[in-house]
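The sequence and the structure are shown first.

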Amino acid sequence: MDATGLSGAEWLAVLRIGLGLWWLESWRHKDRKSWFESGSGIAWAAGVADKHRWNAVRSGFDAVVKPRPRIMAYVVVYAELALGLGLIAGFLTPVALVGGLLLNLLYFLLMIHDWAEQGQNAMMGLASLVALFAMSWQTWSLDHAIGLF
């Protein structure tokens, strides 16, 4: 494979690390105090789910998220942090890529009416798929250094 500047495997590592930085930025810009103390993030998502055009999204949110707003706030916030750190360091990379893909799919479905959110989550999902199937943990990763995967 020909590539400019870096090898193909190194460019895939750049993609993985960039995706990790994207997740880390998603975590960094959240007002965690507001998310954890007043439940602002989950309340906002509940408002979106209440008006969702698909009944499956409304009922799924009501069954899984609404009864546990505090727990779900911690799950969302710390999942984004774990994904960011895991992808940047290349630790448990396939697990992080699949987890991120699932989280992007959930965000995509919840925000199906918002073009900006759809674009971001579609592109993050695509980057996750490429990084997963191209085995982006083979270069510049803890997984490679310790012989995982």
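In this predicted model, helix H6 (residues 93-110) packs against helix H7 (residues 115-133) at an angle of about 160°, and the axes of H6 and H7 are 9 Å apart. Angles over 145 degrees count as roughly antiparallel, and H6 and H7 are therefore roughly antiparallel to each other. The crossing in which H6 passes H7 is left-handed. On the side of H6, the contact is made by Pro-94, Leu-97, Val-98, Leu-101, Asn-104, Tyr-107 and Phe-108. On the side of H7, it is made by Gln-118, Asn-121, Ala-122, Met-124, Gly-125, Ser-128, Leu-129, Ala-131 and Leu-132. By class, the residues of the contact of H6 with H7 comprise 11 nonpolar, five polar and no charged.

Asn-121, a residue of helix H7, takes part in this contact. With a relative accessible area of 4%, Asn-121 is buried, because buried means under 20%. A polar atom of the Asn-121 side chain lies 2.9 Å from the backbone oxygen of Glu-117. When neighbours within four places in sequence are left aside, Asn-121 is in contact with Asn-104, Tyr-107 and Phe-108. Asn-104, Tyr-107 and Phe-108 are among the H6 residues that form the contact with H7.

The crossing of H3 and H4 is left-handed. Here Ile-42, Ala-45, Ala-46, Ala-49 and Asp-50 of H3 meet Arg-58, Phe-61 and Asp-62 of H4. The contact of H3 with H4 has five nonpolar, no polar and three charged residues.

Helix H5 (residues 69-89) holds Glu-80, and Leu-87 also lies in helix H5. Glu-80 is buried, with a relative accessible area of 1%. Leaving aside neighbours within four places in sequence, Glu-80 is in contact with Trp-23, Ser-26, Trp-27, Lys-30, Leu-103 and Tyr-107. Leu-87 is buried, with a relative accessible area of 0%. Not counting residues up to four places away in sequence, Leu-87 touches Arg-16, Ile-17, Leu-19, Gly-20, Trp-23, Thr-93, Ala-96 and Leu-97. Between the C-alpha atoms of Leu-87 and Ile-146, which are 59 residues apart along the chain, the separation is 15 Å.

Two further residues are noted for their backbone. Most residues other than glycine have a negative phi. Met-135, which is not a glycine, has a positive phi of about 55°. Met-135 lies in the loop between H7 and helix H8 (142-146) and is partly exposed, with a relative accessible area of 37%. Phe-149, which is not a glycine, has a positive phi of about 60°. Phe-149 is found in the segment after H8 and counts as exposed, at 54% relative accessibility.

The table gathers the accessibility values of these residues.

| Residue | Relative accessible area and class |
|---|---|
| Asn-121 | 4%, buried |
| Glu-80 | 1%, buried |
| Leu-87 | 0%, buried |
| Met-135 | 37%, partly exposed |
| Phe-149 | 54%, exposed |

Terms used. Residues are numbered from 1 along each chain as its sequence is written. This is a predicted model: local features need pLDDT of at least 70, side-chain atom pairs count only at pLDDT 80 or more; totals for chains, interfaces and linings use all residues. Side-chain values use heavy atoms; hydrogens and water are left out. Axes are lines fitted to C-alpha atoms, for helices over the stretch in contact, and angles run from 0 to 180 degrees between N-to-C directions. Helices (H or I, at least four residues) and strands (E, at least two) are DSSP runs, numbered from the N terminus. Angles under 35 degrees count as roughly parallel, over 145 as roughly antiparallel, 65 to 115 as roughly perpendicular and the rest as oblique. A crossing is left-handed if the near helix is turned anticlockwise from the far one by less than a right angle, and right-handed if clockwise. Contact means heavy atoms within 4.5 Å. Ala, Val, Leu, Ile, Met, Phe, Trp, Tyr, Cys and Pro count as nonpolar, Asp, Glu, Lys and Arg as charged, and the others, Gly among them, as polar. Buried means under 20% relative accessible area, exposed over 50%, partly exposed in between (1.4 Å probe, protein chains only). A polar contact is a pair of N or O atoms within 3.5 Å; within protein, one must be able to donate a hydrogen and the other to accept it, and residues adjacent in sequence count only if both atoms are side-chain atoms.
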